[in-house]
Amino acid sequence: MSGRFLDLKQGKVWLLENGRGAPLLYLHGFIDVHSVKDSWMPFHDSLAAKARVIAPAHPGCSQSDENKDIEAIEDVVFHYLEFLDALNLPQFDLVGSCVGGWIAAELAVRHPEKIRKMVLIGAAGLFVQGALIGDVFMMAQPERGSSYAGLRQMLFSRHDHPKALELFPDGMGEVEEELRRYQMLRFGSRIGFKPPYFYNRPLRNRLHRITAPALVIWGEHDRMVPLSHGETYAKSMPQAQPLKVIPNAGHSVHVEEPELMAQIISDFLAS
Amino acid sequence: MQPVQLFCWHFMAYPYLAENFDQIHDTGWVTVPNSLWDNKKARGLYQEYIDQLAYADELGFDGMVLNEHHQNIYGLMPSPNIIAAALTQRSTRGKIVVLGNLLPLHMNPLRVAEEYAMLDQMSNGRLIAGFAPGGGPETFNYDIPSANTREKFWEAADLIVRSWTEDGPFAHEGRYFPLRYVNPWPKPLQTPFPPIWIPGSRSPSTMTEVAKRGYCYFLSSRSHGGETHRAQQEFAAVLEKNGDRYQPFRFGILMSAYVAESDRQAREECEEGVWYFLKNCLKGHLRREGRQLTFGPGVPYIPAPAWKEYLKDYKPGRKLLGDVENWDELEASQSIIVGSPETVYRRIWNLIERAKVGNLLIQFHIGNMPKELALKSMTRFAEQVAPRLREHSLPFFEREYPGVNIKQPKETHL
């Protein structure tokens, strides 16, 4: 694994890179590399066994410069277009989780030709009537001054899942880890706080433009982005496989089931 | 120079919650169910509260203070300008302090410029115009993205002042509130514009922005131990850095007080209202119990480097005002000052002497306090505490700040 900065017009981007093979752009979510860890997690390690995984930190996350011009998802898409130009990546596999899945979908509807295959994991981004995306911001306000049980309950299959307790412990953790989570929330608030929350209404009717083979994976008990969003993604992309639901997992399915997820994704990309 | 300015602040709490509210509900803010609103009890409530503020004017308080809150039981003034409009017709002397309108929540700052100008005209030039960015609960109430709310706030504040000082029509080419025609009718009566107060909680960047513009800094924290003194020193240092000089009327604080014949009687009379306030009204705001919405990672409006500094000193277990468990802890917080006229005088005087603060914004009606008690406490304060504070503060300020001009600068420094 190696980390490096990429200098773009709008600021520095921190990225991690690992593995050999076809390029795979990984866009992170709330419980992920760059947002809770400064290094690969087991899921990304396993992916990198079969591909060249490139994982940039979103603007303002980890060591990437904040970009005050980002106010809407469109601005993030253009950020990544600059990023892709700088990396000289004409075509790649695209995997995104949570907010990263939303960014991936927005990128793909604009530039379907860049995407060889696409994987969305618990992706935000859609408006589905009667199934609002969870309020991660309110849950990030601790209860009784120090409990993040509500946040864990939203982001994992259960609040006392060992991974949940490790990544979102109660009380005050290491300053750097607290800061990393804060940076992700701050980035998220730029694009996801309004409308409530993390969606772009026109996206749904644009999804038919994604002609790459696509796989949509959801944790059975995703309480941040309801399962119906996964069904909508899978139905709306012409080359998507039927929605893959991972039993007993929550929103952070790639953290709760890293080996299984990496296997499913690697198989799909190789098929 | 002038003596300490004493203002009567009314929050207009919802006072009819059941005794077991705290056991049943995890917050008094944003998600507290409005099915608890009881029209049978609440009919006439606003009239009662407005009467109390009008009475403060009769008693000779220097002003009446209102502020903006949404979807909560702490303060029933989503639009303080409506109450301020009523007060323009119910009062004759005191300032009307709106502290403030929450600028990022208003679709268009021009509306604030217009309404404040109306209030200034309707009150014959008695408006003090407060601008505030809004805290965590308002972020949730109005779905305001956190990351750029401070920039939006200052753009709005500067646009409002420009609309009052520069002849229109002009185009505002701002990032957040672009407007082709800025040309408000009416203009405010006070020239060049009403005094402007901005609340803050010791963030250096807010202090700097306030100092640059020549406005009054208002400390919104409710506890007045060493923190008030520290805030005053920090603000004074920021002013110096900006080529300005501290004087007591550049600074204001919020406190609560209850005065009765004796210490014991004061406590007996106000205790129910105080606990109602601490345990119900502050739940979700200045209380750890439940989910505190005011400040935290879920409302990430502070840039990451400043948040890192905050984290270094952060102690998750630290008690907030609403977490006090007994009367002694409450007394130690120096937030709610209760006692005989002598006690209340002495404790407030200590604060003035130490923090050199000129604007005291005092909450008299606390929680579900019956109006008779609030009025009685206000009367006693006005007759037996205020005169002594005024008498002693004038020579004190003159001695400490000789020859200082206490008027706000005629032009902003921008």
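**View 1. Surroundings of Phe83(A) in the predicted model.** Beyond its neighbours within four places in sequence, Phe83(A) is in contact (heavy atoms within 4.5 Å) with Leu6(A), Leu8(A), Val13(A), Leu15(A), Leu25(A), Ile54(A) and Pro56(A). This is a predicted model, in which local features need pLDDT of at least 70 and side-chain atom pairs count only at pLDDT 80 or more, while totals for chains, interfaces and linings use all residues. Residues are numbered from 1 along each chain as its sequence is written, chains are lettered from A and ligands numbered from 1 in the order in which they are written, and side-chain values use heavy atoms, with hydrogens and water left out.

**View 2. The largest nonpolar core.** A nonpolar core is a set of buried Ala, Val, Leu, Ile, Met, Phe, Trp, Tyr and Cys residues joined through side-chain atoms within 4.5 Å; buried means under 20% relative accessible area, exposed over 50%, and partly exposed in between (1.4 Å probe, protein chains only). The core has 244 residues, of which Phe83(A), Phe198(A), Tyr233(A), Phe131(B) and Phe381(B) touch the most other members. Helix 14 (residues 371-400) of chain B supplies the largest share, ten residues. Helices (H or I, at least four residues) and strands (E, at least two) are DSSP runs, numbered from the N terminus.

**View 3. The salt bridge between Asp93(A) and Arg116(A).** A salt bridge is a side-chain nitrogen of Lys or Arg within 4 Å of a carboxyl oxygen of Asp or Glu. For Asp93(A) and Arg116(A), the N to O distance is 2.9 Å. Asp93(A) lies in strand 5 (residues 92-97) of chain A and Arg116(A) in strand 6 (residues 115-121) of chain A, so the pair ties together parts 23 residues apart in sequence. Asp93(A) is buried, at 3% relative accessible area, whereas Arg116(A) is partly exposed, at 33%.

**View 4. The salt bridge between Arg180(A) and Asp38(A).** The closest N and O atoms of this pair are 3.9 Å apart. Arg180(A) sits in helix 7 (residues 175-192) of chain A and Asp38(A) in the loop between strand 3 (23-27) and helix 1 (42-47) of chain A, 142 residues apart. Arg180(A) is buried at 9% relative accessibility; Asp38(A), at 46%, is partly exposed.

**View 5. The surroundings of Ser64(A).** Ser64(A) is in the loop between strand 4 (52-56) and helix 2 (73-87) of chain A and is buried, at 6% relative accessibility. A polar atom of the Ser64(A) side chain lies 2.8 Å from the backbone oxygen of Ala57(A).

Conventions:
A polar contact is a pair of N or O atoms within 3.5 Å; within protein, one must be able to donate a hydrogen and the other to accept it, and residues adjacent in sequence count only if both atoms are side-chain atoms.
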